[in-house]
Amino acid sequence: FLAPAPPRFVPMGDPDWFANHAFEQAALHPTPPLSLDVRFNRSRPAYEFLEPVVAELKLKNISSTPQVVDENILKTLDGITIALKRDGAPARQYAPYARYCMKGTPKVLAPGQAIYGSVFLTAGLNGIDVAEPGRYVIQAALHQPEGDILSAPATLRIDQPMTDKTAID
């Protein structure tokens, strides 16, 4: 069902999903017991041109009580949405090449305890997502029945390709 919209919204998808909508309308968890972080394990979040980009996801219990989570959630990405946005380009939702089917295995996270997983962000079913030089913003959301838990936006930069062959030596 499509209802008439204000003229600035008439072109389908205008304005861009991430820039003006993204997770803004997410049903946020009122008091999230967990935090979700997207980070890059390097001194600065910059990658060489065509260097594979791998992000780390961290799910941490920030409450004062133990929390039960599926220990495979960061491997299967079930219930997790990742948005990728390069400056000057429309946002894309990350769609991995492979989906892992694993039996849910409950794990108790004590207060302050975390689980980790890695995500290959360079490419997926959408094609090449993170390769062009420029600045990118990556944000993830964990969807739970009580509400969504959003990560803080993480930025990364893809450097310009080296054109000087002496720089490679």
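**Note on the predicted model**

1. Phenylalanine 40 counts as buried, since its relative accessibility is 10%, where buried means under 20% relative accessible area, exposed over 50% and partly exposed in between, with a 1.4 Å probe and protein chains only. Tyrosine 47, at 3% relative accessibility, counts as buried too.

2. This is a predicted model, in which local features need pLDDT of at least 70 and side-chain atom pairs count only at pLDDT 80 or more, while totals for chains, interfaces and linings use all residues. Residues are numbered from 1 along each chain as its sequence is written, and side-chain values use heavy atoms, leaving out hydrogens and water.

3. Phenylalanine 40 and tyrosine 47 form an edge-to-face aromatic pair, with 6.0 Å from centre to centre and 80° between the planes; rings of Phe, Tyr and Trp (its six-membered ring) pair if their centres lie within 6.5 Å, and planes under 30 degrees apart count as stacked, over 60 as edge-to-face and the rest as tilted.

4. The ring of tyrosine 47 also has the charged end of arginine 42 over it, 3.8 Å from the ring centre (the rule asks for NZ of Lys or CZ of Arg within 6 Å of the ring centre and within 35 degrees of the ring normal).

5. Valine 54 lies in strand 3, residues 54-61, and is partly exposed, with a relative accessible area of 39%. Strand 3 has the highest mean pLDDT among the elements of the protein, 96, whereas helix 1 (residues 17-20) has the lowest, 49; pLDDT is the predictor's confidence in each residue, from 0 to 100. Where pLDDT is low, the predicted coordinates should not be read in detail.

Conventions. Helices (H or I, at least four residues) and strands (E, at least two) are DSSP runs, numbered from the N terminus.
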